[in-house]
Amino acid sequence: MITIIAYVKHSLENARLEKARLLSEFNSRVRRADYLLNDIPLQMLSNGLAVFLLEEKQQALECIKTLCGRKVTPDVLKGMEEVKQRLGVIQQEIANKQQEHFAITSEKRAKEIQSLLHELYRQVSDSYKSNRLNKADANKFSVQIKGLIITTSVELFSSFAKEAEKQEKYRLAIRYYTQALDELKKHNQKQQYVEQIKQLQSLIRTLEQKESEKAGMAEGSGQLLDQLDDIKGSDEDWKKKNVYD
């Protein structure tokens, strides 16, 4: 009898610990989904990725509700309702955001976004390994995320280049555009960046022409100054000659 009681207590304790572990896991999934949805700019998310994150949150909340039974908290029920509502409007949210201008203008911001995208990639991988996401969608989302990471670097270099161009620092602008170009070429195995590469090459040629014209003007200005110095020197010699005569 004592053995049976001990076994039952042990089983109950194991069940309690397993429930606590699962609740911790599901709550962690809810927090990660919220974190990514709130911090990744919606301009960078496709409808598919946004829906994926919302469904990850929804599924985790449903699991929490099942585990808690009658003791489920109002926050869980409220969270489930909010996810349901947002799933109905997320496509329009993204469409509206994509109309707004979004630029990455600092290295710090670029690193923040890339860190978020790496976390999103891990979320997709974890969902696939846990059989919550099928292979086709996992591959599709992985390709999209890798593309967004590359785009973030290209956008940063392009932003620096545009600022340098405004200041007529054409050589600096060329250097930044060249870095963006190299980034695209490095990942162009499937020829998906051909048009962007052509555009950057055209921009670089235009800037090289501007730099050449700027250098020519500077050279012409230098020659003019030399001529003025010669004239001034001749004038001084003439004045000296007249004084001594």
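Helix H5 gives the largest share of the lining of the largest pocket, 5 residues. The model described here is predicted.

**Largest pocket**

- The largest pocket holds about 300 Å³ of space.
- Its lining is made up of 15 residues.
- Thr-151, Val-154, Glu-155, Ser-158 and Gln-196 are the lining residues that lie nearest the pocket centre.
- At least two lining residues come from each of H5, H6 and helix H7, which spans 194–244.

**Overall make-up**

- Read from the N terminus, the elements follow the order α-α-α-α-α-α-α.
- The protein has 245 residues, and 31% of them are buried.
- Its accessible surface is about 16,500 Å². Carbon and sulfur atoms account for 52% of that surface.
- Of the contacts between residues at least 6 apart in sequence, 69% connect residues at least 24 apart.

**Aromatic pairs**

- A pair of aromatic rings is described by how far apart the centres are and by the angle between the planes.
- There are 2 aromatic pairs in the structure.
- In the pair of Phe-52 and Phe-141, the ring centres are 5.7 Å apart and the planes meet at 45 degrees, so this pair is tilted. Planes under 30 degrees apart would count as stacked and planes over 60 as edge-to-face.
- Phe-52 belongs to helix H2 (residues 47–68) and Phe-141 to helix H5 (residues 135–166), so the pair ties together parts that are 89 residues apart in sequence.
- Phe-52 and Phe-141 are both buried.
- In the pair of Phe-160 and Tyr-176, the ring centres lie 5.3 Å apart with the planes at 55 degrees, so this pair is tilted.
- Phe-160 sits in helix H5 and Tyr-176 in helix H6 (residues 170–186); the two are 16 residues apart, and their pair links distant parts of the chain.

- The cut-off for buried is under 20%.
- Tyr-176, with a relative accessible area of 18%, is therefore buried.
- Arg-175 lies over the face of Tyr-176, 5.6 Å from the ring centre.

**Loop residues with positive phi**

- Asn-131 has a phi near 65 degrees, a positive value in a residue other than glycine.
- Asn-131 is located in the loop that runs between helix H4 (107–129) and H5.
- The relative accessibility of Asn-131 is 72%, so Asn-131 counts as exposed. The cut-off for exposed is over 50%.
- Glu-168 is another residue other than glycine with a positive phi, here near 60 degrees.
- Glu-168 is placed in the loop between H5 and H6.
- With a relative accessible area of 44%, Glu-168 is partly exposed.

Definitions and conventions
Residues are numbered from 1 along each chain as its sequence is written. This is a predicted model: local features need pLDDT of at least 70, side-chain atom pairs count only at pLDDT 80 or more; totals for chains, interfaces and linings use all residues. Side-chain values use heavy atoms; hydrogens and water are left out. Rings of Phe, Tyr and Trp (its six-membered ring) pair if their centres lie within 6.5 Å; planes under 30 degrees apart count as stacked, over 60 as edge-to-face and the rest as tilted. Helices (H or I, at least four residues) and strands (E, at least two) are DSSP runs, numbered from the N terminus. Buried means under 20% relative accessible area, exposed over 50%, partly exposed in between (1.4 Å probe, protein chains only). A charge sits over a ring if NZ of Lys or CZ of Arg is within 6 Å of the ring centre and within 35 degrees of the ring normal. Contact means heavy atoms within 4.5 Å. Accessible areas come from the Shrake-Rupley method with a 1.4 Å probe; for residues, only the protein chains shown count as cover. On a 1 Å grid over the protein atoms alone, a cavity is a set of points where a 1.4 Å probe fits but cannot get out, and a pocket is an open set with protein on both sides within 12 Å along at least five of seven lines; lining residues have an atom within 4 Å of a point. Grid points are joined across faces, edges and corners, and a volume is the space filled by probe spheres set on the points.
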